[in-house]
Every structure is written in C-alpha cells, then in structure tokens.
Amino acid sequence: MPPPDIPASPPEGTPPPPLALRAALGRFATGVTIITCAGPRGVAVGLTANSFSALSLDPPLVLWSLRQASGSLAAFDAAPHFAVNVLAESQVDLSRRFASSVADKFADGAWSPGLGGAPVLAGCAAVFECEVASRQVAGDHVLFIGRVLRLADLSVAPLLFQGGHYRMLGEVL
C-alpha cells in the first residue's frame, strides 16, 4: 500500500495515463534550451527544449530528444552538428519565441554561426557545440546524442521550467 500522500498506481502492467504521467514529470525542474542546427542549404533551424541532459564526461556527451512529429526533425536528422543554448533568466522571451510557430525565429537575439553552422546565442548561461554521435528512436521521440566539441560557460542564472511554468533560480540551500 502506498503512503497516503502518494496516489495509487494503475494496476500492474497498465501504463499510467498520459496526462497523469505528464503532470508527474512536470514536478521535475529543468533548464530551458534553444537547440539549433544548420538545416538544408544552411538555413538556421531551432526550437525550445527542456529534454536536455548530461550523458558522459569521458567522452564528453550530452543528449536531448525531439518528437518524431516535429516539423524540425528532418533538419536535425540531416545535420552533422547541433548547438545547445542553455538560456539565462533574461531570455524567457526567446524561449517563448522558439516554442511558437513564428516564421523567423532568429530575428531576435544575438546569433552567430557555431561549429557546422549551428547558430549560437550570445548571453546564454552555457552553450554546448556538438557533433552528432548517434540518433535513436525511443517511443514517440528521437534521442540525439552529441559529442561536445566546444563550450561556453557564463556566470549568469539559468532559466528554469517546472510545473508548466518558467521559474527563476532560488537561494542556494
């Protein structure tokens, strides 16, 4: 029997309902990134993602995932490089812009070409420029594993996302 503050799970062998899973996953605070690549003919492609994670220090690997239904999947599938721009608190408007369907997402922000032409954003908390090490289908997503070739690390507070809302970093405990 689960403790009283933990609701009962569905019967064994039954997956949790998607909305319940999404709500529970939303309890985990994440950073917010804009992941970019140079698409076909060098056109910049980017999207907001919070599915970013460290994978290995030796070799230096990171991972992120993208829905298979995403209109950006073909560009990321074809790109040999990508950049993970970890957003600072001050960049919440850019996060919203890259999560939207606005036509020219790169019209705002100070962008420059990084490795393989993947756009790099100035003022981020961190930037990881990567070459694709592997891609793997996992459920309704594709996992992208990147070998970190270059990074930037600024001393600015990162933007956070938790419970469906943007958050600011709190006090150190």
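This is a predicted model: local features need pLDDT of at least 70, side-chain atom pairs count only at pLDDT 80 or more; totals for chains, interfaces and linings use all residues.
Tutor: Ala, Val, Leu, Ile, Met, Phe, Trp, Tyr, Cys and Pro count as nonpolar, Asp, Glu, Lys and Arg as charged, and the others, Gly among them, as polar.

Student: How many charged residues are in the lining of the largest pocket?

Tutor: The largest pocket holds about 1,300 Å³ of space, and 31 residues line this pocket. Sorted by class, its lining has 14 nonpolar and 13 polar residues, and the number of charged residues is four.

Student: Which residues lie nearest the centre of the largest pocket?

Tutor: Several elements contribute to the lining: α1 (18-25), β3 (44-49), β5 (61-67), α3 (92-98) and β11 (160-162) each supply at least two residues. Of the lining residues, those nearest the centre are Arg 22, Asn 50, Ser 51, Ser 65 and His 141.

Student: Which strands are the edge strands of the open sheet of three strands?

Tutor: The order in this sheet is β1-β11-β12, with antiparallel pairing. Two bridges join β1 to β11, and Thr 30 stands opposite Phe 161 in β11. An edge strand pairs on one side only, and this describes β1 (30-31) and β12 (165-167).

Student: How many residues of strand β2 are buried?

Tutor: A residue counts as buried under 20% relative accessible area. For β2, residues 33-38, the buried count is six of six.

Student: How many bridges join β2 to β3?

Tutor: Between β2 and β3, which form a hairpin, there are five residues, and Arg 41 in the turn has a positive phi of about 60°. Cys 37 stands opposite Val 45 in β3. The two strands run antiparallel, and the number of bridges joining them is six.

Student: Which residue in β6 is the bridge partner of Thr 33?

Tutor: Strand β2 also pairs with β6 (residues 81-86), in the antiparallel sense, over four bridges. Within β6, the partner of Thr 33 is Val 86.

Student: Is Gly 39 buried or exposed?

Tutor: Gly 39 lies in the loop between β2 and β3. Not counting residues up to four places away in sequence, Gly 39 touches Val 45 and Ala 75. Because its relative accessibility is 11%, Gly 39 counts as buried.

Student: How far apart in space are Gly 39 and Ala 79?

Tutor: In sequence, Gly 39 and Ala 79 are 40 residues apart. In space, from C-alpha to C-alpha, their separation is 6.4 Å.

Student: Which phenylalanine residues is Phe 82 in contact with?

Tutor: Neighbours within four places in sequence are left aside here. The contacts of Phe 82 include Ile 35, Trp 64 and Ala 118.

Technical notes. Residues are numbered from 1 along each chain as its sequence is written. Side-chain values use heavy atoms; hydrogens and water are left out. On a 1 Å grid over the protein atoms alone, a cavity is a set of points where a 1.4 Å probe fits but cannot get out, and a pocket is an open set with protein on both sides within 12 Å along at least five of seven lines; lining residues have an atom within 4 Å of a point. Grid points are joined across faces, edges and corners, and a volume is the space filled by probe spheres set on the points. Two strands pair if DSSP finds at least two bridges between them. Buried means under 20% relative accessible area, exposed over 50%, partly exposed in between (1.4 Å probe, protein chains only). Contact means heavy atoms within 4.5 Å.
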